Amino acid sequence: MSDAALRTPFPQRAGAALKDAFLQEALTIATTKFIDLRKEAFAGFPQGEALRDRARAIKEATLQHLHVHLERLADNVERLGGHVHWATTAEEAREMVLRICRDRGVRMAVKSKSMATEEIDLNEALEHAGVVPVETDLGEYIIQLAREKPSHIIAPAIHKTKGQVAELFSRELGGEFPADPEVLTAVARRALREKFLQADMGITGANFAVADTGTVVLVTNEGNGRMVTSLPRIHVALMGVEKVIPSMSDLVVFLAILARSATGQKLSSYTTLVRGPRRAGELEGPEEFHLILLDNGRSRQIASTLREALYCLRCGACLNVCPVYRQIGGHAYGYTYPGPIGILLTAMLKGNESVRDLAHASSLCGACKDVCPVRIDIPRMLVELREHLDREKIAPWTERVAFKTLGRLLRSPAAFRLSAAAARWLQKPFVREGRLRALPLVFGKWTRTRDLPPVAARTFRERWEELR
Amino acid sequence: MAAAVRASLMITCLGDVFFPEVGVAMVRLLRRLGVEVDFPEGQTCCGLPLFNSGYHHDAARVAARTVKLFERAEHVVVPSGSCAWMVKIEYPGLLKHDPALHAVAESLARRTRELSQFIVEVLGIAKIESSFEGKVTYHDSCHLLRGLGESASPRTLLRGVAGVELVELPGADECCGFGGSFSVRLPEVSTSILDKKLANVESTGARCLVACDAGCLMQMGGGLTRRGSTVKAVHLAQVLAGEVEG
């Protein structure tokens, strides 16, 4: 989201999303479908729970020696004839891609879906440098045409109804297309076919990278990933450093749970394993292969609060079940990664200041933790993040004073009793039919839409005497 | 005859101030089941609101006084899953810097149970005589369900009441939108989540919506009366004690 849009406070952005009828319709349908598919996939997969534990353990162990694995990966990619670049920041990563474009005279780049490229705003940088980026994942293609950002980690256009997509295609591609997903897919496929053939560069992310073998792994469903990695003469893969895994046997564990968590598939339609550029005698593949290892704030969290967020596989399951995400969608969060995991990733990439409000965009219901394939304890980390906001004095001072006061009050039974008595007296003018229906100040935030029970005429402790 | 089970009631802040009738129903119910109930009067709140908002130092100080207050309790019974979760899951960690207190917290965690769990697990009772007639539906509160892994005990107890017809609530395991301070930090989102929940509740045709958490009951009850619904939000204890009015 642009800086200007971010100046609208989060509660207002969320409020606007609630009033967007199209968004509400699209979100309800899509998230419900994802939830059911995931449930079904794991119901018929009894070994799934043990594999989730195993996957988590692999992530834990890999992070212990992240650099060892990364260097092994880099060595192997280079042995295969690929180039490896280490980017500390988003800016460095962008510059690396642009340099390759300049050096090799790249005019057009086709892309398969990649959140890492979204994270570094690569498309804007390419456009600015005169390179045309073309998204080839259907969802990404839709939002690129609409000049928007993805609103879901695996379903970038989840916020759009098929009617909206038909309108968009008709306007942008010239034609009169019906709101029929099959027709629209064919339209996109036709438009994209040309681009695959014209492009000089293919840009992808990476779901995993296997250190032992130097293999970059892409998990996709539309076949576009294969075209992107095999047709253009240059392939650039950009991956967060946490995506490295030690061996091919580890990969098997992750593949068994990733698609099940994301879309409810046993495996995605395509699992593409890329090992360096085309070798002598091979029929397809790029002449040049580049792997960019992106840190961008990740490694400093290895020994910190947000460590577990580095286990994330980007499956999007936590978004689908999150009651907040399901109401407001991804754009309202305002950053690249939405949903519960997105709050943690935003804190990691953009700093704690940026999640002052977002850290509270969760009822801590725990549904995210339940479905996470690597069991990231997102609610606990959100609470810890909130603790940092308090300690670093990022939380508003009014709030800090209010909670410190509450803390004192809860430590003193006398003060607690007295507050209840005071509230009982103060509420008098507001009680209607035994309920509080309109209260002033902060309490109005509750009573605008819900009744509040009044403080009881006699609290439990006042009735205890007669119960003895 | 074996000695009576003794239990201390942790009424919780919301229970004490807003829902004393739940506490009263609980005491009468437990006594009917042969439990000796006491009420440590120095108690206030478990500190969960402080903890959830990130004020962990303050929450730890509340936890410290609560564990001391309940140190000698044989069992501690709580009418709210979230508060029971706080004591069982978070107290030991909050007090880890003081080995003596930490040990007391660990012990308290083992002795503390949410009401339905206490009845089924400790008392070994699954069927309770009560006077309730009609259709009810049950909402799983998040902390009881996902935090403490409990979904069976409340349903078992409800089904055990002769006049009760338990109808499953569509999306029973989904959050009601309360979330403590979340409900006033993002009131519109909270209400939007609630509306979905209440539409499901009304689709069941139940007369009562039962839950085991004061927070959820405040949220869902507040939403039900605001929309003029005939469905009543009640605590499990009220159904089991036969003390649902109207």
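## A predicted two-chain model, seen from Gly223(B)

Gly223(B) is buried, because 23 other C-beta atoms lie within 10 Å of its own and 20 or more are enough to count as buried. The model described here is a predicted one. Gly223(B) sits in helix H12 of chain B. Leaving aside residues up to four places away in sequence, Gly223(B) touches Leu194(B), Leu198(B) and, on the other chain, Arg450(A). His56(B) is 167 residues from Gly223(B) in sequence, and their C-alpha atoms are 31 Å apart in space.

Confidence comes next. For chain B the mean pLDDT is 97, and 99% of the residues of chain B reach 70 or more. For the complex, the predictor gives an ipTM of 0.96 and a pTM of 0.97.

How many residues of chain B are in contact with chain A? There are 52, and they meet 50 residues of chain A. Several helices of chain B each supply at least two residues to this side, among them H1 (13-17), H2 (20-32), H4 (56-69), H11 (187-203) and H12 (214-226). Sorted by class, the side of chain B that touches chain A has 23 nonpolar, 19 polar and 10 charged residues.

One pair of helices across the two chains can be described in detail. Two packed helices are described by the distance between their axes and the angle between them. The axes of helix H19 (residues 397-410) of chain A and H4(B) come within 9 Å and cross at roughly 5°. An angle under 35 degrees counts as roughly parallel, and H19(A) and H4(B) are therefore roughly parallel to each other. From H19(A), the residues Phe403(A), Lys404(A), Gly407(A) and Leu410(A) take part; from H4(B), they meet Asp58(B), Arg61(B) and Val62(B). By class, the residues of this contact divide into 3 nonpolar, 1 polar and 3 charged.

Chain A itself contains 22 helices and 12 strands. Its overall figures are listed below.

| Property of chain A | Value |
|---|---|
| Radius of gyration | 25 Å |
| Span of the C-alpha trace along the principal axes | about 90 × 55 × 45 Å |
| Share of the 468 residues that count as buried | 47% |
| Share of contacts with a separation of 6 or more that join residues 24 or more positions apart | 73% |

Why does the radius of gyration of chain A agree with a compact globule? A compact globule of 468 residues would have a radius of gyration near 23 Å, and chain A has 25 Å, so the two agree.

Technical notes. Residues numbered from 1 in each chain as written. Chains lettered and ligands numbered in written order. Predicted model: local features only at pLDDT ≥ 70, side-chain atom pairs only at ≥ 80, totals over all residues. Contact = placed C-beta atoms within 7 Å. Helix = DSSP H or I, 4+ residues; strand = E, 2+ residues; numbered from the N terminus. Nonpolar A, V, L, I, M, F, W, Y, C, P; charged D, E, K, R; others polar. Rg over C-alpha atoms; globule rule 2.2 N^0.38 Å. Buried ≥ 20, exposed ≤ 12 C-beta atoms within 10 Å, placed from the backbone. Axes fitted to C-alpha atoms, helices over the stretch in contact; angles between N-to-C directions. Parallel < 35°, antiparallel > 145°, perpendicular 65-115°, else oblique. pLDDT = per-residue confidence, 0-100.
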